[in-house]
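Here's a short tour for someone meeting this structure for the first time. Take a look at the model, then read on.

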Amino acid sequence: MKEENRYNPYTFDDVKDMEETSNVHVLKGFGWLIIATFILWFFVLLDVFSINKVLTSYACVGSSFMLATAVVLCKDKADLSNPKLKYVLLAVVTVVAGLICTFLTYHAVLAYILPLVFAIQYRRSKVLWYTFVISIFMLITSCYLGFYYGLCDLNILIKSGLNYSSYAAMVQDGSISLALNPNLDFIIGMYEVFPRVATLLILTTILNVTTMQQTRDADRIKLLADTKDRDSKTKLYNKSKFEEMVGYYYPNVSRVAVIFWDMNNLKKTNDELGHDVGDRLINYMASSINAKVNKQRRAFRIGGDEFVMVLENPKIGEPDLVIHEVQELIDAADGKADIPGLSAAVGWAIGDGHEIRNTIKKADANMYLNKQLSKRGRS
């Protein structure tokens, strides 16, 4: 079966919700990272750690400013459900990790894995490898810049907070006697960049295997559950799901609107033109209703020719708007060669969620009244 024809349990709104949730988690992580960075900076200013205050200030203030800017811009202007936003956020945190490692070098070597931790929130292999690639670029950049402008690795052996340039200046003026390696670029690449790249590659591979397996398992569970709840022909929710939602979910919603559709003359179409034509009518009716589904609207097929949509906390005029838009889709298809005589009676009602069964009865009664009036009009 081709991939594009395979049933996907995730609707467009499901995907948007997942993107928005993941982006919100990442932005919250940015907030916690800012707090952690300022706590670290506070302790450094109190001389709790033997570390260069100036370089630490560059790292802490610079990274916090970038993270805070991203949070503010996303909160005020960004669409958090935009699938492209995650690439921007992951690029920001990768640059931040590189900035921290540039100035603090060996003190902050674990900062390299921060972008990967944020990337696994999205549970997608390509997102993880995208983060790996830009992390490699920042890792190489920060290793070389950090050696010359950040905390020198020699500080591990002696109690100091100097960078390479400071040691080179002292060697040059004779303050200390050290033999500096003349081939620093090769040494940095071979003994600093390469091991860290290899470590990052191994970690990314492990995260990819474990996270993607969890994602596939979750997708299979979602598919099984969703298949059980869906009508096999139309992919709308079935009657069992409708009864479950009416019994346990909608009574907890403050206001609901219920819209009933009942197709006209389906039995006559099946008898005179065949069930294939009847199936096409059913599918087009279902697709017309499904086109107006969103997070606050669910559609159900509760009988052979009966459809229901339940709207949570509807806006004023929303049920009429939905009915009008569905009718426009029906009218556009009515009379075409493959969809002859497509029409439906419709009725709706609104009420409190805890009284949804009464609201359903009212909507059904209004639909039946509409059907009777239509028959009188045709006669």
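Helix α10 covers residues 275-290, and at 1.5 Å a residue its 16 residues should span 22 Å, which agrees with its end C-alpha atoms being 22 Å apart. That expected span is 1.5 Å times one less than the number of residues, and helices here are DSSP runs (H or I, at least four residues; strands are E, at least two), numbered from the N terminus.

This is a predicted model, where local features need pLDDT of at least 70 and side-chain atom pairs count only at pLDDT 80 or more, while totals for chains, interfaces and linings use all residues. Residues are numbered from 1 along each chain as its sequence is written, and side-chain values use heavy atoms, leaving out hydrogens and water.

Among the buried residues of α10 are Val-277, Leu-281 and Met-285; buried means under 20% relative accessible area with a 1.4 Å probe, protein chains only. Their cover includes β1, α9 and α11.

Now for the cores. A nonpolar core is a set of buried Ala, Val, Leu, Ile, Met, Phe, Trp, Tyr and Cys residues joined through side-chain atoms within 4.5 Å.

| Core | Residues | Some members |
|---|---|---|
| Largest nonpolar core | 44 residues | Phe-30, Leu-67, Leu-89 |
| Another core, apart from it | 23 residues | Ala-257, Met-263, Met-285 |

Leaving aside neighbours within four places in sequence, Leu-67 is in contact (heavy atoms within 4.5 Å) with Phe-30, Leu-33, Ile-34, Val-92 and Val-96.

Terms used. Buried < 20%, exposed > 50% of the residue type's maximum accessible area, 1.4 Å probe, protein only.
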